[in-house]
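Keep the sequence and the 3D view at hand while reading.

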Amino acid sequence: MIPAPNFFEGIIQQLNTGIVIVDQVGDIQFWNQFMKLNSGHDHEDVLGRSIYDIFPEIPQSWFQKKIDTVYTLQHMAFTDWKKRPYVFRFPTTRPITGEVEFMYQNCTFSPLINEQRKVAGVLIVFTDITEVAEQTLAMERLTNNLEKEKQEQQKLITKLEEAQNQLLQSEKMAAIGQLAAGVAHEINNPTGFVYSNMGSLGLMVEDLMAVIDVYEDQLCRNSTPEAQQTINQAKEKYDFDYLKEDLVNLVKESKDGIERIKRIVEDLKGFSHVGESDWQMASIHKGLESTLNVVWNEIKYKAEVEKHFGDLPEIECIPSQINQVFMNLVVNAAHSIEKKGKIVISTGQKDQQIFISVADSGCGISQEHMNRIFEPFFTTKPVGKGTGLGLSVSYNIIKKHHGHIEVDSRPGEGTTFTLWLPILQPVQVED
Ligand SMILES: Nc1ncnc2c1ncn2[C@@H]1O[C@H](COP(=O)(O)OP(=O)(O)OP(=O)(O)O)[C@@H](O)[C@H]1O
Ligand SMILES: [Mg+2]
C-alpha cells in the first residue's frame, strides 16, 4: 500500500476516473470514490480482497497477464475500448436513447515503484469513454451505411449504363430491322408477281417452241426451196438453234434468281423479327442462316464460311436478340480477317445446353485487350468502323438468356467465341 498525503488522496478520491491499486495476485489495496459509486462497494468492503471476487466478470487470465507484465517489465500496459469495451461492468445510461448499457472504458496498468526500486503494486486507472465510443460507433455505423449505399448506387449506375448501351444498340438494330422489314415488304409483292409470271412464261415458251416445231415441220414439207432458203437464212441470222436452247435456260435461271430474292426477303423478315420481343421456342440454325444471309455482303470478300451444324432442338429465346448476337460475332470475325480467311460456325448440344461457336482465322486478341473486349465502347477499330458495343450488348443478351460466352484466342492465329445457352429458361423472364 502506497501512503498518500491526505491532500492528494482527497483529490484522487474526487477524480471522475476510476483508480484502483492491486498487488501481484490482484488483491485490492486502494479504491477511489468513483469505484465506490459505480460498483456499490465501499473502500473498507474491498480492501485486501481479490479483485476477481469483487468482479467475477473480469477475464482473470487476461487481467493477471497484464499485472504480471507490469511486475516483470516495470512498464505501463494499456487496453482500449475498441479491443475490450468493458473491463469493469459498470452500468451507464445512454444520453440519446436513455437505454442502460455498460460503460466503455480505456484502462492503463502502471507500476508503482517503491524505494527498493521494486514494483510494489499496479495502479489501474480507467476512464469512462462511453460518450466518445458511442459517437465513434455511430459514426462507424453511418460510414458503413454510406459505403453500402455507395455500393448500391454504383450497382445501379452500372445497370443504367448497361441498359443505356443495350438501348443504343437495340435502337440501331430496331432501325436496321425496320428498314429490312420495310424493304422486304416492298420487294415481296413485285417479286411475287414476277415469280408467278416467270412460271407462266416458262410454260408459254415451251408451248411456243412446240408450235414453232410444227411450223418448221410443215414448212419443210410444203414450201418452195426459195421459201425454205429465206427461212434458213433468217434462222441463221438470229442464231435460232442457240436462241431456242437459251430461251428455256434464261427463263429457268430467272426463276432461280427470283427464288433467291424470295429467300433473301424471307431472311430479312426473319432477321428483323420486328415487333417480336417475346420468349419463344425457336430454331438456332434458322437464325444463323438468316443472319448469315443478311451480313453476307460484309463477309463474302473476306472469308469462306464453313458450317458444322449438329442436331439442335429448338430453344427458348428471344430470336431477334439471339440473331443480334450472331450478327455481332460473325461481323467481328469478318473484321478480324485482313485479306482472306475462314470462318467456321459449329453448333451442338451437351446435356441441357447448346453451343454455337464462331471461329475465325483472323488477327486474334492480345492478352491486354482480352480483359476489356466486353467493356462497352472498347474498340480497337478506327473511328466510324466500330462503336465497341457489339460484345458488351451480346454479353448482356446471353446473360439474360442464362447462358455464357467463352473466348479462346491466339494472336496471329485466330479467335473462337462460343455461346452456351440453356434449351429451356430456368424461370420465365420478363423482357
Ligand atoms: N473475332 C475477333 N477477333 C479479333 N478481335 C476481336 C474479335 N471480336 C472482337 N474483337 C475485339 O474486341 C473489340 C470489341 O468488339 P465489339 O464487337 O464489342 O466492338 P467493335 O466490333 O469494335 O464495334 P461494334 O461491334 O460496336 O461495331 C473489337 O474492337 C476487337 O478489338
Ligand atoms: Mg463488333
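## Overall form

The radius of gyration used here is taken over C-alpha atoms, and the globule rule is 2.2 Å times the number of residues to the power 0.38. The model is predicted. For 431 residues, a compact globule would have a radius of gyration near 22 Å, whereas this chain has 46 Å. The C-alpha trace spans about 165 × 45 × 40 Å along the principal axes of the chain.

The chain holds 13 helices and 14 strands. Among contacts between residues at least 6 apart in sequence, 65% join residues at least 24 apart.

Of the 431 residues, 36% count as buried. The accessible surface comes to about 26,300 Å², and carbon and sulfur atoms account for 55% of that area.

## The nonpolar cores

The largest nonpolar core has 37 residues. Those with the most contacts inside this core are Ile-284, Ile-299, Ile-343, Ile-356 and Leu-419. Several elements each supply at least two of its residues, including helix H9 (284–294), strand E11 (341–350), strand E12 (353–360) and strand E14 (414–422). Helix H11 gives the largest share, nine residues.

Beyond its neighbours within four places in sequence, Ile-343 is in contact with residues including Ile-299, Val-305, Val-330, Ile-337 and Val-358.

A second, separate core has 28 residues, among them Val-22, Trp-31, Phe-34 and Ile-58.

Conventions:
Residues are numbered from 1 along each chain as its sequence is written. Chains are lettered from A and ligands numbered from 1 in the order in which they are written. This is a predicted model: local features need pLDDT of at least 70, side-chain atom pairs count only at pLDDT 80 or more; totals for chains, interfaces and linings use all residues. Side-chain values use heavy atoms; hydrogens and water are left out. A nonpolar core is a set of buried Ala, Val, Leu, Ile, Met, Phe, Trp, Tyr and Cys residues joined through side-chain atoms within 4.5 Å. Buried means under 20% relative accessible area, exposed over 50%, partly exposed in between (1.4 Å probe, protein chains only). Helices (H or I, at least four residues) and strands (E, at least two) are DSSP runs, numbered from the N terminus. Contact means heavy atoms within 4.5 Å. Accessible areas come from the Shrake-Rupley method with a 1.4 Å probe; for residues, only the protein chains shown count as cover.
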